[in-house]
Amino acid sequence: MRRRVRLLTVSFLMATAMLSACTSNSGQPPPTSGPAPGNAQQQEVPAKAVRNAELTVALEAEATSLDPWNSTDSNTLHILSTMFEGLLTLDENREVVPILATDYKLSADATSLTFHLRKGILFHDGSPFDAEVVKKNLDYVRNKENGMARASFFGFIKEVTVVDPYTITVVAKEPNSAMVAFMAHPSATFKSLKELQKKIDDPKYNLDRNPVGTGPYQFREWKNGQFVKVAAFDGYWDKEKPAKLAAILFKPVTEASTRVNMLKASEVDIVTSLPTLDARSMGTDPNLDVYSGPSLNMIYVGMNTKLDKYKDKRVRQAMNYAINKEQLISQVADGFGTAADSPLSPLVKGYAKQQGYPYNVDKAKQLLTEAGYPDGFAATLWTRNSTEFVAIAENIKMQLQAVGIKVEVQAYESGTLFERLDAGEGTDLYIGRWGTGTAEADWGMRPNFASDRIPPNYNNSGYYQNEQVDQLLNEALKATANSMAQQKYTEAQKVIMDEAPWIFLYVPDVVIAKRKNVLDVGVTLDTVRLQAAYKQ
Amino acid sequence: MARYIFGRILGMIPILVIISILSFLFVHLTPGDPIRIMYGAEMDMATYEKVKANLGFHDPLYVQYGRYLQQILSGDFGVSYKTKTNVSDEIGKRFLYTLGLTFAAMFWALIIGLVVGIYSAARRKSIWDRIGIISTTTIISIPEFWFGLMLMQMFAVQLGWFPTSGSGTFAHLLLPSITLGFGVSAIIARFTRSSVLEVLQEDFVRTAKAKGQRESVIIWTHVLRNALIPVITMTGLQFGFLLGGAVVVEQVFSWPGLGSYLIDSVLARDYPAMQALILLFSVQFLIVNLLVDISYSLVNPQIRYE
């Protein structure tokens, strides 16, 4: 009997030790978020560090395509940004700066954008970069026959004119002051004409797998499910900013806990999309840097404005007042987020802080009573079935219950959810996440609130229609002066906030972690920039 | 025997046709539009329709099925929507990873399962038997996901003995195969135990005992031959399951096998890959079952197939 007791005790102790090994890091104080790792510290690169190292990055999913026009997910951009460059880009302060262009000029009526191109640039395959390349690239992606994922993104272009071999003009269908931001987007990058010609000659040629750009790194290998490898490109045009690493390996690791373990075990150098709970504990590890800062994303609850109960603005406002955003952020995002005070993330150009909806249950109840729903109503909330989204949904359910709105949560796998939203049948409340990839206001609001963006296949799944918003967005696009555009965007945000077609929840943080010996890693527009990165 | 095997293989053909129809319908009727998933929310209708036409979605389902059948009969599983690479090539590469993982897992499972099962049965109602039962019950109830992460945390992160995930070396194989094998070992142990116990009560065992044969001799020569039949069936089934993609373990350890391929394909609604994988898993199951049936006669030559 005594032996049995001893055995049980030992087993229990072992089990406890194993469990504590798994959770020993929780409960630590949170790390302080700071500037993008390495951004602020432009240190001199030690000579011996140059190209002696290979960097490994764990991504949350596999790349969808290495053709910048055929991928729309932000995950792929981490890889693409090492190989492809555009005429313009955004710097760390999200200001537009030229790269492959030397300068640019938007016409006074905002209908055309002229670029002077940098000379002497070669693609990874040795072919030259010039105005013809830009024209052929843009003509190809815009052509709907080619079925490129980014075709609609470049839909604003009427024509592309080659002025001379190093001057090109992009003409818009109608005045469009957001054109500059679109041309600075990571999708507006260029591939070699040789490659493009292969695709034109043989439609079966796989451009998704043969990326040839002008960036400091060139494509080496893509092993499905295992890695994408890029290596330093010796012929890079900017001799002052050559690749400092021999190669970068991007590994898809879908399981977040595994990504964290890989970083702890020094098997990877950088982890993107770090779970917020782990970010807290990892911030205290002396070998790791955790970076967190606002993203371009917005998490919201959409409402089907065609339904009677959501037709009254007061109901929509009441639901905004009923949610304690701070509590939501702390409970579901471990504090890594900012309460929404506009339909846009504060990082988006054109963002203007609005009064928002402070947590006020009494006000919510009062508005519901005024609207004829003193006892609330029943609602169905659709969400993706991921842990994070289900947690948000449950929190919303709990909070809305306090004002009498009885919510039933229905979780779907994301593909199913999109299809249901597109079908437009049975939609009531739904949790959405919108990322303003261009970091400018038009792309932040038009896809979600413009009358012509209702489903199928568009993102205005709440069928919100408001002439004033449509008009303001159009006027902002036509405005040539920045101040005028800003004024229109500010007004549009004010109207949208007041109209409350969404429950505006929060802007989640981008959370990445890296090993301390990796320097000069940048984070711009939710994308990890590794062009200047090196290892000590 | 040859006639039996030939008959079984012939019998697989109608089953495979039914599976191909069901898998085709299942894949095409699953909610979620592959184009929308591939190209995001903001695709204009003209481009959408163009992509849809390119993928042949405008044709009625039976036409699409006919095309699919024609394709697979010529040994072509099409091009993946997501990776734009040939599905057959991809399956070929990933199959080896899954096969390796399955064999390694079955190796652990059989060693642990048989030893624990036989020993527990032989020492029935002893403390070791109880420990065996309790630990196997516990192991069966532990989610593989958690168990894998725990092993990773201990042996890869804390002790640094093995890589956390990925593939390439024998060391990469160890933790995922143990994670997989442990769950199966518990099932095999319990099956072996009850099967051995059952056979131990047979008359011929009593006779052997009466003749004064040693217990170990009785178990190894008389009991196991009979007791292993249900164990083989269970092992075969488990092998088929593992070969059909050890989905969770492959996800946790980023193992580039068929399980993770299936998950990626389903999430992307990659129809060609999903269809090919379902068909492949079905064929695997049929083959494994056939091999299991044949192996009965190898274990116990008294079993004959006509």
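Good morning. I begin with a pair of helices in chain B: α12(B) and helix α13 (residues 271-299) of chain B pack at an angle of about 145°, and their axes are 9 Å apart. Axes here are lines fitted to C-alpha atoms, for helices over the stretch in contact, and angles run from 0 to 180 degrees between N-to-C directions. Helices (H or I, at least four residues) and strands (E, at least two) are DSSP runs, numbered from the N terminus.

Before I continue, please note that this is a predicted model, in which local features need pLDDT of at least 70 and side-chain atom pairs count only at pLDDT 80 or more, while totals for chains, interfaces and linings use all residues. Residues are numbered from 1 along each chain as its sequence is written, chains are lettered from A and ligands numbered from 1 in the order in which they are written, and side-chain values use heavy atoms, with hydrogens and water left out.

Returning to our pair, α12(B) passes α13(B) in a left-handed crossing, meaning that the near helix is turned anticlockwise from the far one by less than a right angle. Which residues of α12(B) meet α13(B)? They are L258(B), Y261(B), L262(B), S265(B) and V266(B), and their partners in α13(B) include M274(B), L277(B) and F281(B). Contact means heavy atoms within 4.5 Å.

Chain B as a whole has 13 helices and zero strands. Its C-alpha atoms fill a box of roughly 85 × 55 × 30 Å, taken along the principal axes.

Let us turn to the interface. Here 50 residues of chain B are in contact with 49 residues of chain A. The two chains bury about 4300 Å² between them, 52% of it on carbon and sulfur atoms; buried area is the accessible area (1.4 Å probe) that two parts lose on being put together, summed over both.

How many salt bridges cross this interface? The rule, a side-chain nitrogen of Lys or Arg within 4 Å of a carboxyl oxygen of Asp or Glu, finds three. R36(B) forms a salt bridge with D422(A), with the closest N and O atoms 2.4 Å apart.

Several helices of chain B give two or more residues to the side that touches chain A, among them α2 (34-39), α5 (87-122) and α12 (258-268). The most comes from α7(B), with 10 residues. On this side of chain B there are 27 nonpolar, 12 polar and 11 charged residues.

Finally, chain A. Helix α14 (residues 441-449) of chain A and helix α16 (residues 482-499) of chain A pack at about 35°, with axes 11 Å apart, and their crossing is left-handed. M445(A) and F449(A) are among the residues of α14(A) in this contact, and Y489(A) and I496(A) among those of α16(A).

In chain A, D498(A) and K313(A) also meet in a salt bridge (2.9 Å, N to O). D498(A) lies in helix α16 and K313(A) in helix α9 (residues 313-321), so the pair ties together parts that are 185 residues apart in sequence. Thank you.

Notes. Ala, Val, Leu, Ile, Met, Phe, Trp, Tyr, Cys and Pro count as nonpolar, Asp, Glu, Lys and Arg as charged, and the others, Gly among them, as polar.
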